[in-house]
Amino acid sequence: MSSPPRVLRGRPSDAAAAVSPFLKLPGTDRLKTLPDGMWLQFGGTPDEPWCDVVAVEACSSFQNLLDKRSRFAPSTHSLLAVCPLPWLLAPAMADDPTPRWRLTGVLKAEPTGPLSLPVRDIRVLYGLKDKHYEPFARSQVPHAHEFFCPMGALTAERGYEAPAMRALMTRLTSAANFFGPADPSAG
């Protein structure tokens, strides 16, 4: 039986964290991707865990956007999310001592090393400067996993509460690709 998926913020880490999760290709030890923002939704079972990733990338130039887009381009290779041991052992919230590894729902016991999980799905939100956003939005067709917004929408105080940003954020979930929630009794 799978546990319900749980979402934890991976980046940016709190000020006390020395390390945070990152993305990498299987078998590599040098090429890591550290998105500006990252949330991991853990799911599956201890025997077959997975995670879905929502990454946020702030792009300061058009060249920076192209570089960051290339890291998440659709391909036939797999991607791993790596959660370092100190991040797993640390509490997710300052007012709750529960270590993150317990909150993932996919570990049976306290880990003794990093946790590497296959990424089942990834969605990327790119924040672009206004001078780049308008021309880009008029001329480009995003890939299915890509979402774009003006940088000001990302950096505005309490911008996540703005109706347009809330609507965009709800589309970042894989559930947004379905007509409605699946009825488990209809199987």
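A: What follows walks through the salt bridges, pair by pair.

The model is predicted. The count comes to nine salt bridges.

Start with aspartate 36 and lysine 68. They form a salt bridge, and their closest N and O atoms are 2.8 Å apart. Aspartate 36 sits in the loop between β3 (32-33) and β4 (37-44), while lysine 68 belongs to helix α1 (residues 62-71), so the pair ties together parts that are 32 residues apart in sequence. Aspartate 36 has a relative accessible area of 37%, which makes it partly exposed. Lysine 68 is at 7% and counts as buried, because the cut-off for buried is under 20%.

Now move to arginine 69. This residue is also in helix α1. Its salt-bridge partner is glutamate 146, with the closest N and O atoms 2.6 Å apart. Glutamate 146 lies in strand β10 (residues 146-150). The pair therefore links distant parts of the chain, 77 residues apart. Both arginine 69 and glutamate 146 are buried.

A further pair is glutamate 161 and arginine 158. Their side chains meet in a salt bridge at 2.5 Å, N to O. Glutamate 161 is partly exposed, at 36% relative accessible area. Arginine 158 is partly exposed too, at 49%.

One last point concerns shared partners.

Conventions. Residues numbered from 1 in each chain as written. Predicted model: local features only at pLDDT ≥ 70, side-chain atom pairs only at ≥ 80, totals over all residues. Heavy atoms only, no water. Salt bridge = Lys/Arg side-chain N within 4 Å of Asp/Glu carboxyl O. Helix = DSSP H or I, 4+ residues; strand = E, 2+ residues; numbered from the N terminus. Buried < 20%, exposed > 50% of the residue type's maximum accessible area, 1.4 Å probe, protein only.
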